[in-house]
Amino acid sequence: MTDIYVDDAANMKHGDRRLLTDGRLEIGVFRIGDAFHAFLNSCPHQGGPVCQGKVMPKVEEFLSPEQKSIRMDFSTNEFHLVCPWHGYEFKFETGTHPGASDVRIRNFPTKVVEGKVYVSV
Amino acid sequence: MDDAKAKSFSPFGNNEALTSESNTTETLRNAAKYRDRRKLHDYFIADMDTHHFETGSWNEIIEFVEDPILRAEALSFKRKPDSRLGTVLYHANGNMFSQSVGGRIPHSNLSPGEPRDDTSVHPDVVPLRRAMDSFGIDRMILFPNALLQVGTHPNVKVETNLAFAYAKFLTEVVLPGDPRLKTMALLPFNDPDACERMIEMYGDHPSIIGFTVTSVRFSPVQDNKYMRIYRMLEERGLPLSFHAGFNWQDGYLGQLDRFITMHAISFVLCNMVHMANWVIHGLGERFPKLPVVWIESGLAYIPFMMQRLDNEYLMRQSEAPLLKKLPSEYIRDMYFCCQPMERTNMKLLEATFEAINAETQLLFSSDWPHWDFDAPSIITDLPFLSETGKRNILGENARRIYRKL
């Protein structure tokens, strides 16, 4: 494993990304809240550039105690990475599809050392 | 830390998400990598269903409308700044276009803001060329978007005039921009006389490889008024296709209040109705040499239709006296565009391929740039298909059926 310097943590705010390549491997590193997540820029569906997709809050549907649908709304603390080719969504924490845990993007470990963000490749 | 390796990484993509203004080449960069890795240039790839953003050129198309009254009416709307399409000719499904999933899939809005740097061709050609180059596509068959619903317009003259105007616009303005671009002209199906005129006018055009019925309509295909049309196409060796679409205005489908369900059912239902009529009314017997192609309904519905119709036919043969074999055998004589190919259960997909004789009957189609497009990799990556089968589906089947391809 090699640690690749991404950026200073202070330069990245919530929702920001850094896209890095060595000409072959393409990696996206995202800041979500105080956490950093890194993924391969290839969707398991059809190989789309998932790291060049939108960061969207998870959509939630709320039910009443009688199981009536009350409303849909955006989550305030859970976010998804959305592949721009076909809309596959992935949880930042695990890289898995919210409705199919066996559908996942490859993730890479990240760490912050003395305010600097690294991804381990 | 391995400094040498670390220094070899550099930024790309401006650290930003793709947008509806992104260059198609950038959006499809991963497709181009796949094209090179899998040597797709060694294949003849015919994309039998790609979409041209005709509403982006609407103000040019309406200039080609023959009827002076309709043309004047359309042009009067052109000047209204709040008129999205600049025309009164256009009504179906209003502005309920939700393909981008709330903006999550930017290219599905057909990239109206994409830079067009090549001024030697019509601006519509530029993103299409980028897509062909990125996928490694050798022929791209264009269909419109909004015009797929024109068959429900209450004024039959509107369908007729728009079908001719669009054929003229494509053949005179867009298709000359690249020899790889072709189309299957729209038949104004609510006006059979005009359909015959369309076939006579464009049947020999080198860029029009066949003709299309837009499936969103309420016109039973077995009506006697259409028999001359089918005969004309059969005699000329020109395939007839049925291109599916959605119809949120239909009462039954109006119960589906989310785009996902409406789209999932609507795009299949229209072709199921036409296919059932085509088979049970013996049109396969009446026009045995007419290739019939079903577009944009996926594949999963076909085994359902085969089993359902066979089962009922065996009990009610008297209602289908023209048939000389099982309904499924007539369906097996037809051709199918693969997109959107349902791939979540490989066993079922493999069974479907076997049921429809996919190696000879299936045609690759991308449906680019729509939200559920399929890249050529969906065929080349199939684990159960022979190399010959892959080549046939990607292009050789189409080359056999469409003599002008």
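## Terms and model

Helices (H or I, at least four residues) and strands (E, at least two) are DSSP runs, numbered from the N terminus. This is a predicted model, where local features need pLDDT of at least 70 and side-chain atom pairs count only at pLDDT 80 or more, while totals for chains, interfaces and linings use all residues. Residues are numbered from 1 along each chain as its sequence is written, chains are lettered from A and ligands numbered from 1 in the order written, and side-chain values use heavy atoms, with hydrogens and water left out.

## The largest pocket

A pocket here is an open set of points on a 1 Å grid over the protein atoms alone, where a 1.4 Å probe fits, with protein on both sides within 12 Å along at least five of seven lines; lining residues have an atom within 4 Å of a point. The largest one has a volume of about 1800 Å³, volume being the space filled by probe spheres set on the points, which are joined across faces, edges and corners.

Its lining has 44 residues, with His86(A), Gly87(A), Tyr88(A), Ile260(B) and Trp371(B) nearest the centre. H10(B) gives the largest share, 6 residues.

## The second largest pocket

This pocket has a volume of about 500 Å³. Of its 25 lining residues, Ser42(A), Gly47(A), Asn30(B), Tyr34(B) and Arg37(B) sit closest to the centre. In chain B, helices H3 (29-37), H6 (125-135) and H16 (377-380) each supply at least two lining residues, and H3(B) provides the largest share with 5.
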